[in-house]
Amino acid sequence: MTIFLAIAFGLSLSVILLGFWADRSAVRARINGANGLPILVALIVSFLGSLVVALIAGIFGGWATMGWILLLTIPYHAGLAAFLIWRLQSLATRIGEIARQERERWMKPKA
């Protein structure tokens, strides 16, 4: 059961980080439009996958295992979402500041 749960956790983290990297790439390329949708979709897919993993763990590992998985999956997803969105917002703020400085440099009147 431990190997199964470790694989499920690794897949969950991979899916969420894939969504984060997609959003991060869009922000770094200054592409408007994604606005966190890849992270949201990845979190929803991961959460639904966690429910399936909890059901499988409940059938093969006991109902107590299912309870622990369900109990821990909500803070895991909420905490990871908060942290990754904070990092993405920090990156967007830095990129916006760089863009503002570039705009000011190019808009300066030449003497």
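This is a predicted model: local features need pLDDT of at least 70, side-chain atom pairs count only at pLDDT 80 or more; totals for chains, interfaces and linings use all residues.
Is arginine 100 buried, partly exposed or exposed? Arginine 100 comes out as partly exposed, with a relative accessible area of 33%. Keep that residue in mind, as I'll come back to it.

Okay, helices first. Let's start with H1 and H2. Their axes are 7 Å apart, and they pack at an angle of about 170 degrees. That makes H1 roughly antiparallel to H2. If you want to find the contact on your screen, the H1 side includes Phe4, Leu5, Ala8 and Val15. Facing them, the H2 side has, among others, Leu37, Pro38, Ile39 and Val53. Sort that contact by class and you get 16 nonpolar residues, three polar and one charged.

Now H1 against H3. Here the axes come within 11 Å and cross at roughly 20 degrees. With angles under 35 degrees counting as roughly parallel, H1 and H3 are therefore roughly parallel to each other. The crossing of H1 past H3 is right-handed. On the H1 side you'll see Phe9, Leu13, Leu17 and Arg24, among others. From H3, the residues include Ile69, Tyr76, Leu80, Leu84 and Leu91. By class, this contact has 15 nonpolar, three polar and four charged residues.

You'll find leucine 88 in helix H3. Which residues does leucine 88 touch, once we skip anything up to four places away in sequence? The list is Phe20, Asp23, Arg24, Val27 and Ile39. Leucine 88 is buried, at 11% relative accessible area. Glycine 10 and leucine 88 are 78 residues apart along the chain, and their C-alpha atoms are separated by 22 Å.

While we're on H3, look at threonine 73 too, which lies in that helix. Buried or exposed? Threonine 73 counts as buried, at 6% relative accessibility. Leaving aside neighbours within four places in sequence, threonine 73 is in contact with Phe47 and Ser50.

Right, on to the charges. Side chains of opposite charge can pair when their charged atoms come close. How many salt bridges does the structure hold? Three.

Back to arginine 100, as promised. One partner is glutamate 97, and the N to O distance there is 2.4 Å. Both residues sit in helix H3, three residues apart, or about one turn of the helix. Glutamate 97 is partly exposed, with a relative accessible area of 33%.

Arginine 100 also pairs with glutamate 104, where the closest N and O atoms are 2.4 Å apart. Glutamate 104 and arginine 100 are four residues apart in H3, again about one helical turn. Glutamate 104 is partly exposed as well, at 44% relative accessible area.

The remaining pair is glutamate 102 with arginine 30, and their closest N and O atoms are 3.4 Å apart. So what does this pair tie together? Glutamate 102 is in helix H3, and arginine 30 is in the loop between helix H1 and helix H2, so the pair ties together parts that are 72 residues apart in sequence. As for accessibility, glutamate 102 is partly exposed at 31%, and arginine 30 is partly exposed at 44%.

Last stop, and we stay with arginine 30. Most residues other than glycine have a negative phi. Arginine 30 has a positive phi of about 60 degrees although it is not a glycine.

Quick recap, then. H1 runs roughly antiparallel to H2 and roughly parallel to H3.

Terms used:
Residues are numbered from 1 along each chain as its sequence is written. Side-chain values use heavy atoms; hydrogens and water are left out. A salt bridge is a side-chain nitrogen of Lys or Arg within 4 Å of a carboxyl oxygen of Asp or Glu. Helices (H or I, at least four residues) and strands (E, at least two) are DSSP runs, numbered from the N terminus. Buried means under 20% relative accessible area, exposed over 50%, partly exposed in between (1.4 Å probe, protein chains only). Axes are lines fitted to C-alpha atoms, for helices over the stretch in contact, and angles run from 0 to 180 degrees between N-to-C directions. Angles under 35 degrees count as roughly parallel, over 145 as roughly antiparallel, 65 to 115 as roughly perpendicular and the rest as oblique. A crossing is left-handed if the near helix is turned anticlockwise from the far one by less than a right angle, and right-handed if clockwise. Contact means heavy atoms within 4.5 Å. Ala, Val, Leu, Ile, Met, Phe, Trp, Tyr, Cys and Pro count as nonpolar, Asp, Glu, Lys and Arg as charged, and the others, Gly among them, as polar.
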